[in-house]
Amino acid sequence: TWDITESKLMEPKRELGIEDEEEGADFYCEDFDWKDVETQCAPIVAQDFPRRKEPLPADNPWEEFYKANKANFFKNRRYLTEAFTKLEEACRKAKEADGKAVRLLECGCGPGNTIFPLLDRLPKLFVHGFDVSPTAVALVREHPSAASGRVTAEVCDIVRASLSSEASDFDFISMIFFLSAIPPAEMDSVVQKLVATLKPGGSILFRDYGRFDMAMLRNHRKGNKVAEDCYLKADGTFATYFSIEALTSIFSKAGCSALECKYCTVRLQNRKRGLTMYRVFIQATFVKEESL
């Protein structure tokens with residue numbers, strides 16, 4: 001655990017197990033001051049550590065991941081309508097006006113942990129998802145809710161290819177723990193490619209790992225660093241931990257301005273293991289310029 005002064009921390013909002021970290025963290029924030037974490041963790045990140053284990057040589061590590069885990073690893077993200085009220089408001093207005101469905105592009109959709117909770121909550125929502133893993137996309141297509149006709153999905157390695165021609169004219173794009181898995185040298189081009197599918201004035205809903213998250217320190221001590229704030233894990237997947245400045249720069253180059261961009265700091269306790277976990281996420285809403 002990190003030696004953060006107890007007087008600067010609020011009591012934890014919930015008690016969770018390791019497997020519940022992401023689900024429990026949902027949209028809550030400010031359990032502790034991010035600046036306190038930066039003060040204590042920046043010297044650690046400045047040190048070099050030898051790599052302990054080489055990554056697995058997989059052409060598509062996410063396909064290997066979903067072959068092994070199917071839909072059982074990540075929990076459904078039921079907090080998103082509360083974290084991003086703009087999406088819920090747009091769907092409410094569409095329902096009241098009996099208008100067209102609100103169109104959402106879900107990036108790195110996996111087996112649908114973002115898609116299906118949103119469809120359950122928002123009857124005026126249509127979602128198109130994509131993922132690099134054929135196994136994950138098959139799980140979306142086979143889900144009982146896919147029969148509604150309100151969800152489609154395609155296999156796409158967005159680093160090397162473009163989405164199908166039908167994937168366009170979106171009102172919203174969701175990037176929920178997606179961009180951190182993209183190789184850092186490709187992030188600008190990937191974001192620009194995706195923003196091109198968004199209507200002018202449309203919004204990107206973003207949630208991912210923040211700089212100095214406890215997992216960042218764990219990866220750093222394992223010697224996994226490959227670029228600034230980016231680590232290559234043993235399973236061959238990337239994990240980038242974003243600062244507000246770096247993230248807003250990426251989207252600014254794609255013609256988007258930040259409506260909101262903040263750190264969400266969450267302290268979790270696992271009494272069984274005697275652990276206190278200091279999680280840092282970054283949550284943002286970006287808006288595409290009307291002239292683009």
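User: Helix axes are lines fitted to C-alpha atoms over the stretch in contact, and angles run from 0 to 180 degrees between N-to-C directions. In this predicted model, which word describes how α3 lies to α7?

Analyst: Helix α3, spanning residues 61-69, packs on helix α7, spanning residues 134-142, with the axes 7 Å apart and at an angle of about 50 degrees. Angles under 35 degrees would count as roughly parallel and those from 65 to 115 as roughly perpendicular. The angle found here therefore makes the placement of α3 to α7 oblique.

User: How many charged residues does the contact of α3 with α7 have?

Analyst: On the α3 side the contact involves Glu-63, Tyr-66 and Lys-67, and these meet Pro-134, Thr-135 and Ala-136 of α7. Sorted by class, the contact has three nonpolar residues and one polar residue, and the number of charged residues is two.

User: How many charged residues are in the lining of the largest cavity?

Analyst: Searching the whole structure gives one cavity of 30 Å³ or more, and the largest cavity has a volume of about 40 Å³. Its lining is made by Leu-80, Phe-84, Leu-87, Thr-114, Leu-118, Ser-174, Ile-176 and Leu-205. Of these lining residues six are nonpolar and two are polar, while the number that are charged is none.

User: Which residue in β7 stands opposite Ala-227?

Analyst: An open sheet is formed by three strands in the order β6-β7-β8, with antiparallel pairing, and its edge strands are β6 (225-227) and β8 (238-240). Two bridges join β6 to the antiparallel strand β7, residues 230-232. Within β7, the residue opposite Ala-227 is Cys-230.

Notes
Residues are numbered from 1 along each chain as its sequence is written. This is a predicted model: local features need pLDDT of at least 70, side-chain atom pairs count only at pLDDT 80 or more; totals for chains, interfaces and linings use all residues. Side-chain values use heavy atoms; hydrogens and water are left out. Helices (H or I, at least four residues) and strands (E, at least two) are DSSP runs, numbered from the N terminus. Angles under 35 degrees count as roughly parallel, over 145 as roughly antiparallel, 65 to 115 as roughly perpendicular and the rest as oblique. Contact means heavy atoms within 4.5 Å. Ala, Val, Leu, Ile, Met, Phe, Trp, Tyr, Cys and Pro count as nonpolar, Asp, Glu, Lys and Arg as charged, and the others, Gly among them, as polar. On a 1 Å grid over the protein atoms alone, a cavity is a set of points where a 1.4 Å probe fits but cannot get out, and a pocket is an open set with protein on both sides within 12 Å along at least five of seven lines; lining residues have an atom within 4 Å of a point. Grid points are joined across faces, edges and corners, and a volume is the space filled by probe spheres set on the points. Two strands pair if DSSP finds at least two bridges between them.
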